Amino acid sequence: MRVLMRPTAAALLIAVGLLSVPAANAQVQSPSPGLSNQSPNIPDQKLNAAAAAIERVASLKQDYQQRITAAAPSDKERIANEAINALAKAVTDQGLSLEEYDSILEVAQNDPEIREKIRQRIPSAK
């Protein structure tokens, strides 16, 4: 299971940057196959949970980056694994599965309307 969580953890770390970049500077990407031209209907509850998770993930990311930078080489992998678990917990504590979180972030990356709805729910992004 630890191996499967690494890509998701990377997505968690990247997600923080996704919503902190102003929309004007965001890289334009084509929608994923299967997505319609209409904005998907993500319930407010899920958007609220994603925003809360993003905020917590951002804080954890900063903390763990500092810890890893300051750590002895022999401790870096242990701290990185600890970070992966903490990031996953930050998401699941909001009532989202890691898959739901990844899916919402993917939609937000491709849909400026959803991205803005999430950004509005993050106090530090206002």
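## About the model

Because the model is predicted, local features need pLDDT of at least 70 and side-chain atom pairs count only at pLDDT 80 or more, while totals for chains, interfaces and linings use all residues. Residues are numbered from 1 along each chain as its sequence is written, and side-chain values use heavy atoms, with hydrogens and water left out.

## The whole chain

Let's start with the overall picture. The protein chain has 5 helices and 0 strands, and along the sequence its pattern reads α-α-α-α-α. Here helices (H or I, at least four residues) and strands (E, at least two) are DSSP runs, numbered from the N terminus.

Of the 126 residues in the chain, 34% are buried; buried means under 20% relative accessible area, exposed over 50%, and partly exposed in between (1.4 Å probe, protein chains only). The chain exposes about 7700 Å², with carbon and sulfur atoms supplying 53% of it; such areas come from the Shrake-Rupley method with a 1.4 Å probe. A contact means heavy atoms within 4.5 Å. Among contacts between residues at least 6 apart in sequence, 80% join residues at least 24 apart.

Helix H2 covers residues 44-70. The expected span is 1.5 Å times one less than the number of residues. The buried residues of H2 include Leu-47, Ala-53, Ile-54, Val-57, Leu-60 and Tyr-64.

Helix H3 has 20 residues and reaches 30 Å between its first and last C-alpha, close to the expected 28 Å. Among its buried residues are Ile-79, Ala-83, Ile-84, Leu-87 and Val-91. Helix H4 (residues 98-110) has 13 residues that should span 18 Å, and its ends are 19 Å apart, which agrees. In H4, the buried residues include Leu-98, Tyr-101, Ile-104 and Leu-105.

## H2 beside H3

The axes of H2 and H3 come within 9 Å and cross at roughly 170°. That makes the two helices roughly antiparallel. Axes are lines fitted to C-alpha atoms, for helices over the stretch in contact, and angles run from 0 to 180 degrees between N-to-C directions. Angles under 35 degrees count as roughly parallel, over 145 as roughly antiparallel, 65 to 115 as roughly perpendicular and the rest as oblique.

The contact includes Ala-53, Val-57, Leu-60 and Ile-68 of H2, together with Ile-79, Ala-83, Leu-87 and Val-91 of H3. By class, its residues divide into 12 nonpolar, 1 polar and 5 charged. Nonpolar covers Ala, Val, Leu, Ile, Met, Phe, Trp, Tyr, Cys and Pro; charged covers Asp, Glu, Lys and Arg; the others, Gly among them, are polar.

## H2 across H4

H2 and H4 pack at an angle of about 95°, with their axes 10 Å apart. These two are therefore roughly perpendicular. Lys-46, Ala-50, Ala-53, Ile-54 and Val-57 in H2 meet Glu-100, Tyr-101, Ile-104 and Leu-105 in H4. This contact has 7 nonpolar, no polar and 2 charged residues.

## Two alanines to look for

Find Ala-53 in helix H2. Ala-53 counts as buried because its relative accessibility is 0%. Leaving aside neighbours within four places in sequence, Ala-53 touches Ala-90, Val-91, Gln-94 and Tyr-101.

Now turn to Ala-83, in helix H3. Ala-83 is buried, with a relative accessible area of 8%.
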